[in-house]
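Dear colleague,

Please find below the sequence and structure that I am handing over to you. My notes on what was found follow directly after.

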Amino acid sequence: MMNLKYKYLAALLIPLLTMVWSCKEEDGLTVVPKNEFQNDCIKRSLGPNVVGLDIEFAYAMAIPKSLGKIVSAEVVASVAGAEATYLENKSYYTNGSGQDIGITIGNKSVNADGKTSVTFTTDTTAATLRYFYRIPASAKGKEISFVFSATASNGTTVSYNMGPYKVATMDMVLDLPVKDSSAAYISIEDMAVYGPAQAATNASKIDLVYLYRSIPNVVFGHGLVAPSSTTYLPNITLPAGVNRSAKVNKVWALRDLHLARLQYGIYIDDLDFQTLDINTAPDYAINLKAESGVWVETADGKYRAYIYINSVNNTGKSATISIKRYTL
């Protein structure tokens with residue numbers, strides 16, 4: 001749906017604004033385009049707005065040739081974006097093969113005090129620019145609004161308000177490698193993986209141990225086990241002080257699109273963590289496969305997390321995990 005509307009902006013709205021025509025509908029009404037500077041905007045990105053990710057927009061603007069040309073475009077965010085925020089200096093259209101083609105229309109964008117602007121360097125009467133707002137840590141839990149605007153050579157301006165959009169309070173980290181006996185100690189608080197020596201110096205923060213076991217006549221495989229669950233930590237000597245418990249609930253086929261980055265899935269949002277109830281869950285999860293995951297609640301009740309298993313390697317006794325974490 002988002003892609004279709006974007007194509008509508010680029011392929012339908014703009015031609016309407018750059019030619020003079022009229023047509024009669026079946027009911028006899030005559031449709032005449034407005035002879036003025038116009039603009040429109042859509043939000044292209046989906047899912048929760050998480051710190052470190054982009055909120056993406058497509059901003060379309062057009063003016064009849066008889067009135068002038070576009071000289072600049074800008075976006076003002078109510079909370080200044082991170083350094084990677086930018087407004088494309090290319091206007092995109094979709095060709096006959098369905099490919100998006102970009103044409104340079106101006107200088108690269110400049111960021112200043114929450115404003116991102118592009119100065120046009122070519123004679124342009126219609127453009128659709130993409131805006132990528134990189135969510136900063138300062139926006140966590142806040143609502144953000146945007147004002148898109150463009151200026152024409154005849155001095156007229158147009159603007160379009162978007163938002164507000166709520167930024168999630170959860171945190172996220174992607175593609176942490178874990179390995180049996182070495183990079184095996186997971187801290188939900190730090191959203192990090194430690195080796196034995198580091199785990200000993202951060203013992204109060206270690207919530208889970210990763211391990212791989214191939215035991216005859218026993219289904220074990222890849223596991224995420226709380227240090228308190230010694231029965232499920234065979235042949236492991238824990239670093240000094242690593243003894244915390246945790247509630248661990250294994251789930252299948254919960255492919256969070258942010259964590260998994262696959263074609264199909266759903267988004268885990270703040271509300272999912274707020275309503276999560278795993279009070280009766282055990283303190284271990286074994287036989288984990290790629291694309292499975294675990295819900296976790298730390299022993300102190302401070303954090304809830306979802307750990308997604310991106311990939312596993314039986315031979316290497318290792319895996320790659322990604323985490324979303326919510327502070328209670």
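Predicted model: local features only at pLDDT ≥ 70, side-chain atom pairs only at ≥ 80, totals over all residues.

**Salt bridges and their surroundings**

Asp175 forms a salt bridge with Arg261, and their closest N and O atoms lie 2.8 Å apart. A salt bridge here is a side-chain nitrogen of Lys or Arg within 4 Å of a carboxyl oxygen of Asp or Glu. This pair links distant parts of the chain, 86 residues apart: Asp175 belongs to strand 14 (residues 171–179), whereas Arg261 sits in the loop between helix 3 (257–260) and helix 4 (270–275). Helices (H or I, at least four residues) and strands (E, at least two) are DSSP runs, numbered from the N terminus. Asp175 is partly exposed at 38% relative accessibility, and Arg261 is also partly exposed, at 41%. For these words, buried means under 20% relative accessible area, exposed means over 50%, and partly exposed lies in between (1.4 Å probe, protein chains only).

Residues are numbered from 1 along each chain as its sequence is written, and side-chain values use heavy atoms, with hydrogens and water left out.

In total, the structure holds 15 salt bridges. Side chains of opposite charge can pair when their charged atoms come close. Another example is Arg130 with Asp100, where the closest N and O atoms are 2.7 Å apart. Here Arg130 in strand 11 (residues 126–134) is linked to Asp100 in strand 8 (residues 100–104), 30 residues apart. Arg130 is buried, with a relative accessible area of 10%, but Asp100 is partly exposed at 33%. Glu297 and Arg304 also meet in a salt bridge, at 3.0 Å from N to O, and both residues are buried. Furthermore, salt bridges that share partners join Lys140, Asp171 and Arg325 into one network.

**The chain and one of its sheets**

The protein chain contains four helices and 23 strands. Of its 328 residues, 46% count as buried. Among contacts (heavy atoms within 4.5 Å) between residues at least 6 apart in sequence, 61% join residues at least 24 apart.

Strands of a sheet pair through backbone hydrogen bonds, either parallel or antiparallel. Two strands are taken to pair if DSSP finds at least two bridges between them. The bridge partner of Ser311 in strand 23 is Thr320.

Ser322 is also in strand 23. Is Ser322 buried or exposed? At 0% relative accessibility, Ser322 counts as buried. A polar atom of its side chain lies 2.9 Å from the backbone nitrogen of Asp175, the residue that bridges to Arg261. Leaving out residues up to four places away in sequence, Ser322 touches several others, among them Val173, Leu259, Arg261 and Tyr308.

**Nonpolar cores**

A nonpolar core is a set of buried Ala, Val, Leu, Ile, Met, Phe, Trp, Tyr and Cys residues joined through side-chain atoms within 4.5 Å. The largest core has 31 residues, of which Phe57, Met61, Phe120, Tyr131, Tyr133, Phe146 and Phe148 touch the most other members. Strand 4 (54–62), strand 5 (70–77), strand 11, strand 12 (143–152) and strand 13 (157–166) each supply at least two residues of this core. Strand 12 gives the most, with five residues. Apart from this core lies another, of 25 residues, including Val173, Ala305, Ile309 and Ala319.

**Tyr160**

Tyr160 lies in strand 13 and is partly exposed, with a relative accessible area of 28%. Neighbours within four places in sequence aside, its contacts include Asn39, Asp40, Tyr59, Phe146 and Phe148. The side chains of Tyr160 and Asp40 are joined by a polar contact of 3.2 Å. A polar contact is a pair of N or O atoms within 3.5 Å; within protein, one must be able to donate a hydrogen and the other to accept it, and residues adjacent in sequence count only if both atoms are side-chain atoms. The C-alpha atoms of Tyr160 and Ala60 are separated by 10.0 Å, with the two residues 100 apart along the chain.

With kind regards
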